[in-house]
Amino acid sequence: MSICSFLYIPFLCLLLNGSTSQAEEPSDGKALSTVPAPNVNGDISQDDQEKSKVPKGVDVYMGRRVAQTMHYLGAEWLIRNEREREERCSLMLANLGIRKGMTICDMGCGNGFHSLAMAKMTGEKGLILGVDVQPEMLGFLRERMESQGVENVVPILGSFHNPHLPPNTADLVLMVDVYHEFSHPKEMLASIRKSLKPDGLVVLVEYREEDPKVPIKPLHKMSKKQVSKELNANGFTLVKEFDKLPWQHMMFFGKSDLPLND
Ligand SMILES: C[S@@+](CC[C@H](N)C(=O)[O-])C[C@H]1O[C@@H](n2cnc3c(N)ncnc32)[C@H](O)[C@@H]1O
């Protein structure tokens with residue numbers, strides 16, 4: 001599939017929240033500054049929400065408090081030298097089941113740490129759709145694509161409730177340290193579900209809540225039980241897990257045929 005076939009994606013006209021002005025203290029002793037979730041302090045006023053029919057975000061979803069969005073000013077943390085040792089990202093990527101020519105969405109791609117690696121793994125016939133809600137993150141991604149000579153990544157500016165992905169396209173949707181930040185988990189999962197091919201998989205990589213030794217604030221961690229509860233309620237079923245990452249769960253979900261519920 002050529003990159004040109006994605007040019008119809010209306011990703012530039014639907015930016016609903018680019019506000020990143022309220023950085024907080026680092027949350028984990030690392031450069032994790034945050035932006036407020038749009039439901040709390042974002043720049044979508046109630047009037048605008050009603051006009052554009054943007055659903056209201058949630059602070060709590062299925063018993064879990066939603067984390068704030070990581071600020072683009074902390075993006076260097078995503079490409080820190082220690083990341084490979086701490087998270088074994090290459091082991092995670094090697095176990096994703098990537099094949100040449102795949103179309104993969106890196107949802108919440110940030111500055112493209114995983115997008116660029118996957119672009120090389122899928123080869124010139126592969127395509128990576130790098131979605132993020134912060135245009136600054138996509139700016140960093142573009143700079144890094146250029147400096148590394150990578151051409152098969154398409155940056156897509158999503159909104160908090162809609163990633164603006166074409167339907168029935170993705171073989172894989174990867175979310176590394178992203179899902180727990182969704183202010184609109186239900187809407188995002190519904191859109192992601194539509195964007196998947198029938199046998200496509202969603203992969204969640206989340207810091208392990210069950211493990212107190214993982215040095216990340218509790219709000220940025222998730223338990224396997226909670227991940228499954230939320231994904232099951234939104235039309236996904238667990239098909240596989242990889243449990244050998246030092247800090248994170250890696251859970252693969254396919255589409256289920258079960259009726260959806262909250
Ligand atoms: C902690 S960073 C992780 C970045 C990247 N996945 C990585 O591992 O290097 C989370 C990213 O998710 C993005 N994000 C949060 N909510 C999002 C949404 N609804 N749609 C797309 N991206 C989102 C943030 O802007 C931020 O860049």
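Me: Which residues of helix 4 are buried?
Reply: This is a predicted model, so everything here is read off a prediction. Helix 4 runs over residues 113-122, and 7 of its 10 residues are buried, so the rest of the structure largely encloses it. Going along the helix, the buried ones are Phe113, His114, Ser115, Leu116, Met118, Ala119 and Thr122.

Me: What do those buried residues of helix 4 pack against?
Reply: Both helices and strands are involved. On the helix side there are helix 3 (89-94) and helix 5 (135-148). The strands are strand 5 (103-107), strand 6, strand 7 and strand 8.

Me: Which helix and strands each supply at least two residues of the shell around the ligand?
Reply: The shell has 23 residues, with Met70, Leu78, Gly108, Gly110 and Val176 the closest. They split into 14 nonpolar, 6 polar and 3 charged. The elements giving at least two residues each are strand 4 (69-70), helix 4 and strand 6 (127-132).

Me: Is Ser159 buried or exposed?
Reply: Ser159 sits in the loop between strand 7 (153-157) and strand 8 (170-176). Count its C-beta neighbours inside 10 Å and you get 21. The cut-off is 20 or more, so with 21 neighbours Ser159 counts as buried.

Me: How far apart in space are Ser159 and His184?
Reply: In sequence, Ser159 and His184 are 25 residues apart. From C-alpha to C-alpha, the distance is 9.9 Å.

Me: Where around helix 7 do its buried residues lie?
Reply: Helix 7 covers residues 224-232, and its buried residues are Val227, Glu230 and Leu231. They span an arc of only 95 degrees around the axis, which means they share one side. Their cover includes strand 2 (60-61), helix 6 (185-195) and strand 9 (196-208). So the place to look is the same side of helix 7.

Me: Which residue is the bridge partner of Glu241?
Reply: Strand 11 (residues 236-242) pairs with strand 12 (residues 248-255) in the antiparallel sense, over 6 bridges. A hairpin of 5 residues joins strand 11 to strand 12. Across in strand 12, the partner of Glu241 is Met251.

Me: What share of the contacts with a separation of 6 or more joins residues 24 or more positions apart?
Reply: The protein chain has 7 helices and 12 strands, and 45% of its 262 residues are buried. For those contacts, the share from residues 24 or more positions apart is 71%.

Notes. Residues are numbered from 1 along each chain as its sequence is written. This is a predicted model: local features need pLDDT of at least 70, side-chain atom pairs count only at pLDDT 80 or more; totals for chains, interfaces and linings use all residues. A residue is near a molecule or strand if its C-beta atom, placed from the backbone, lies within 6 Å of it. Helices (H or I, at least four residues) and strands (E, at least two) are DSSP runs, numbered from the N terminus. Ala, Val, Leu, Ile, Met, Phe, Trp, Tyr, Cys and Pro count as nonpolar, Asp, Glu, Lys and Arg as charged, and the others, Gly among them, as polar. Two strands pair if DSSP finds at least two bridges between them. A residue is buried if 20 or more other C-beta atoms lie within 10 Å of its own, exposed if 12 or fewer, and partly exposed in between; C-beta atoms are placed from the backbone. Two residues are in contact if their C-beta atoms, placed from the backbone, lie within 7 Å. The arc is that of the directions from the helix axis to the C-beta atoms.
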